[in-house]
Amino acid sequence: MSNELISKKDLLDLTGISYGQLYRWKRKDLIPEEWFIRKSTFTGQETFFPKEKVLERIDKIQSMKETLSLDELAERLSPSSSAMMELSRKELLKRNIVTNVSLELYAKENGTAEEFQFEQLLELFILDKLLSSGDISLDEGRMILQVLQEGRGRLNKSKHELLLIRKLGVTSCLLVAGAENIMVDQGSRVTVMLSVESCIEELKTNL
Amino acid sequence: MYKANNLMMKGSGSAAGGLYNKVKIMGEGTITDDLECSLFKTYGSSEASGNVKGGDIEIFGETEVKRNVQANNLKVFGTLSIGETAAIEITKIRGSVDVAGKFTGNKVDLKGSLAVKGDLEAEEFISSGLFEVSGLLNADVIDVKLRFSTSRVQEMGGQTIRVQKKGAFLPFVKNEGFLEAGIIEGDSVFLENTTADVVRGKSVRIGAGCKIKLVEYDEEFKALEGSSVKEHRKMG
C-alpha cells in the first residue's frame, strides 16, 4: 500500500463531500482518528490523510449510506464494535463465508459447534482466508488458530498484525500489536502478514 | 439498576463504589471506587476515585472525578473536574467543567466555562460562556455568543459555525468577548470578534472585530466592515 498523502482540501474537492459531512463522519468514527495526520505547512497546520485508504473508505460510505443509517454504518466499519453477530454452521456454508475444509479443521481443534460468535467467526474467517490462498498448510493453520485464541478478546481493541515466519522448514506464528516495521534475519521468510483489523472489516461486510 | 439501594451522605462520609439507585452527597463525600447509579447529586463537595457512570448527574457544589464520566444528562451549577474522558449525551453547564481528556456528547449547552484538553465532539455546541478546547471542537452546529473574556480553540470544524459578539449582562460596562482559533472549517461560517490563522468553507462571512490571516472559500466570501482579512482565495 502506498504512503501517499492527500490534503483535506484536495480530498473534499476530489470526492465532493462537504466539511460538515467529513466532520460528522469523523465524529461517528467512520473515518478513524489515526488517519487525520496533522502537518505544519506554510499556512499553519493542515490535515492530511492516507490517500488510498481514505478514498476507498469514502467510496464505501457513499455507496452504503443510501441504505444504512450512519450509526449502522459505524457498526460495520469500526473494528471495535462487534455487536450481536452470530451465525450458524449451515448459514456460513450456504453464504460461502468460509469453506468446509476450514470448518472441519476448526471443529477438530475446538469440538463441533453449531453456532459461532463473532470472535469465533473471525478466527474461522482468518483461517479460511489463509488456507484458501494456499499460503499455509493445515498444520500451520492449527498453529494460527492457537495463537488467535490466545489473543481472543484483545483483537478488536487495538491493531494487530498476524505474522507467519518460516526458517529452514520450521514455522513460527506471531500476533503483534502495533507492528509497523518488522525485520527478520536473512534465513527467515515472512510468508504471511495480515492485518486483523482489515479482516474484521472484510468479515463484517460479508456478514 | 432500579432495584439497587440509595446512598445518602450527610455531613462527612466515605463509601466504596458499586451499583446504586440514587446517590446524594450533602456535605462532604468520597467514593473510593467505580460508581454506577441512576442519579448522582452533590450539594457540598465530593470526590470519586474511579469512573462514574450515571443516568443523571447534577453538581451544585464541587466534584472531582479521577477517571471517566459517562452519563445521559449532566447539569453543573458548581464545578466539576474530570481526570480522564467524558461521554455525556446532554450537558448543561452553568458553573465550570474541566476535562483532562476527550469530551464526546450529543448536545452541549454552555453558559459557564468549559475547558477540554482533548477533542470535543458533539452534534450541537451552543455557548454563551467561556471555553478552551486544546484539540478539535467538532460539532454539526457550533453557535457561539461571545459575552466576556477570550475563548480559545485549536481547531473548529462542522457544518454551520456561527460566532457572534454579545455585550455583557451589565449596561455601561464595555466588556466584549473574543475568540482565538487556529483553523476554522465549516460549510457555512460566520464570525465576529475572532482571531484565526485559516478559515475555510463553502460560504464564509467575516464580521466586525475579526483578524483572519487567510480565508479559503468555495462559493461565497464577504468581509464586513470592521474586519481584517489578509488574504482570501477562491477554491476549486
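## Ser127 in chain B

B:Ser127 sits in strand 14 of chain B, which covers residues 120–127; strands here are DSSP runs of E with at least two residues, numbered from the N terminus, and helices are runs of H or I with at least four. This is a predicted model, where local features need pLDDT of at least 70, side-chain atom pairs count only at pLDDT 80 or more, and totals for chains, interfaces and linings use all residues. Residues are numbered from 1 along each chain as its sequence is written, chains are lettered from A and ligands numbered from 1 in the order in which they are written, and side-chain values use heavy atoms, without hydrogens and water.

With a relative accessible area of 2%, B:Ser127 is buried (buried is under 20%, exposed over 50%, partly exposed in between, with a 1.4 Å probe and protein chains only). From B:Ser127 to B:Lys66 there are 61 residues in sequence and 26 Å in space, C-alpha to C-alpha.

## Lys75 in chain B

Now to B:Lys75, which lies in strand 8 (residues 69–76) of chain B. B:Lys75 counts as partly exposed because its relative accessibility is 31%.

## Chain A as a whole

Chain A holds nine helices and eight strands. Of its 207 residues, 44% are buried. Along the principal axes, the C-alpha atoms of chain A fill a box of roughly 60 × 45 × 25 Å.

The domain assignment, which is automatic or from a database, gives chain A domain 1 (5–77) and domain 2 (87–206). The centres of these two domains of chain A, taken over C-alpha atoms, are 29 Å apart.
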